[in-house]
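The sequence and model are shown first, and the notes follow by topic.

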Amino acid sequence: MEGKENTLEEILSGKFGCGCAKRGAPVYLRRGDVYGETERLSSLARGGRAALFASRGFLDKEGLRLEAAFAAGGAKAEQVAVRRRFDNAPENIGALFSFAEGARLIVVCESECYDVAAYFAALKKLPLLYIAFSPEADGVLAPAASVKIKGRPERIAAENPRYVIVDETLLRRADGGGAAAAFASLSAGLVSLIDYRVRGALTGEFCRESYNLVRGAIADALGAADKADMPVKLLESRLVVAAAENHTCGAVSGGGESAVAEMLESCGRIRLSAAERKFAAALMLLDLYAAYFSAPHGGLLSVPDYAARAKDLAAYTGYAEGEVLESILASAALADEEKLAPAKARLTEEIETLRGWSDRIAAVYRKLGGRDVFGNYTFAELKKAVSRAADLPSSFSVLTLMRESGALDMLANAP
Ligand SMILES: [Zn+2]
């Protein structure tokens, strides 16, 4: 890379030099003591209230101190306890829709509750403040807020301003809590990155600067593995990825690993978090993508049975069959591998390079105290998840190419 590096503030506010005109909603970074910054930002809630979204456990520990910080700044804060997993949690729907009038600011302190808070903030067009109590920031600042309500995914574009508080002292003290999950979700983004590049080669919609930001952020986090400020580096890297996500309207994230993770949600011996599922999916997909690109596969003769696929996914997920079929056909039309030919050699080389990071990624994850996610699923569960993931609405990844070429059918029929 060349030229002067942008600061995190510049990156978050979208002020990094790149050729494309895309800009996400503004994101403002505040550094410093978490309570002091909260007090300063309480002006955003003046004349109304700040709604504090977090799990009951978190609110029991931190709720009163945060309320006091808002009060010191002249605003009133109200605690809204939500469940970490939104779906099938009636109290979340209750909290979301019965929340009293007069909210001026939505505050969220745990990334697992971010979606719920972001959905509400987007719906009401209110500013959203993320106070990072851990390096976890999965999905934070995403350009669309999405939650499942009674099994139906609901999505809404987030155009409201967003604020993030980063307190280095607090993060360093966070005794490793959340570091493994943060690292897992960050490094899983490598797969999305490959998918972004492949999709970019097919559609021409590609921001090289965003690609390099994400690649560099993951490399930085890997490089900081042995250092004392790892939690800070992790959060900063995650925020850089979030900025690129915001800038590309989400295109740089939400690749194959997210789709497979979604399909694995109800599988496995134990229930894993979204970050853990993405991580398990990502390390598997890195191998799969590399194998697919390095082997000739133009000669595979297969016409996927789209109708059967749509039926299967609809029955498994609750999406409408017609919607699934429509999106399968749209992604199939895009999956023209001949268009990749000019980029193929460099693409294959880059995928090999990124795959080469995976041993170190797995080692760092274990060192940070990450759980064993790899033995959690049977081979049959993984095969099924990979196969179905290709058909999820509005997802396009290397798995789509694999479906079209017949490689997924071959995988599904493998013993
Ligand atoms: Zn750009």
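What is the handedness of the crossing of α7 and α11? The crossing of these two helices is left-handed. The model is a predicted one, and the protein in it has 18 helices and eight strands.

**Overall dimensions**

- The C-alpha trace spans about 70 × 50 × 40 Å along its principal axes.
- A compact globule of 415 residues would have a radius of gyration near 22 Å, and the protein's value of 21 Å therefore agrees with that expectation.

**Helix α7 against α11**

- Helix α11 covers residues 274-294, and its axis comes within 8 Å of that of α7, with a crossing angle of roughly 35 degrees.
- On the α7 side the contact is made by Ala-181, Ala-184, Ser-185, Ser-187, Ala-188, Leu-190, Val-191 and Ile-194.
- On the α11 side the contact residues are Ala-275, Glu-276, Lys-278, Phe-279, Ala-282, Leu-285, Leu-286 and Tyr-289.
- By class, the contact of α7 with α11 has 12 nonpolar, two polar and two charged residues.

**Helix α7 against α15**

- Helix α7 (residues 179-203) and helix α15 (residues 358-367) have axes that come within 9 Å and cross at roughly 160 degrees.
- Angles over 145 degrees count as roughly antiparallel, and α7 and α15 are therefore roughly antiparallel to each other.
- The crossing of α7 past α15 is left-handed.
- Ala-180, Phe-183, Ala-184 and Ser-187 of α7 make the contact with Ile-361, Val-364 and Tyr-365 of α15.
- This contact of α7 with α15 divides into six nonpolar residues, one polar residue and no charged residues.

**Helix α8 against α9**

- The axes of helix α8 (residues 208-223) and helix α9 (residues 230-247) are 9 Å apart, and the two helices pack at about 165 degrees.
- That angle makes α8 roughly antiparallel to α9.
- Their crossing is left-handed.
- From α8, Ser-210, Leu-213, Val-214, Ala-217, Ile-218, Asp-220 and Ala-221 meet Lys-233, Leu-234, Ser-237, Val-240, Val-241, Ala-244 and His-247 of α9.
- The contact of α8 with α9 has nine nonpolar, three polar and two charged residues.

- Helix α12 (residues 306-317) has 12 residues, which at 1.5 Å a residue should span 16 Å.

Terms used
Residues are numbered from 1 along each chain as its sequence is written. This is a predicted model: local features need pLDDT of at least 70, side-chain atom pairs count only at pLDDT 80 or more; totals for chains, interfaces and linings use all residues. Axes are lines fitted to C-alpha atoms, for helices over the stretch in contact, and angles run from 0 to 180 degrees between N-to-C directions. Helices (H or I, at least four residues) and strands (E, at least two) are DSSP runs, numbered from the N terminus. Angles under 35 degrees count as roughly parallel, over 145 as roughly antiparallel, 65 to 115 as roughly perpendicular and the rest as oblique. A crossing is left-handed if the near helix is turned anticlockwise from the far one by less than a right angle, and right-handed if clockwise. Two residues are in contact if their C-beta atoms, placed from the backbone, lie within 7 Å. Ala, Val, Leu, Ile, Met, Phe, Trp, Tyr, Cys and Pro count as nonpolar, Asp, Glu, Lys and Arg as charged, and the others, Gly among them, as polar. The expected span of a helix is 1.5 Å times one less than its number of residues. The radius of gyration is taken over C-alpha atoms; the globule rule is 2.2 Å times the number of residues to the power 0.38.
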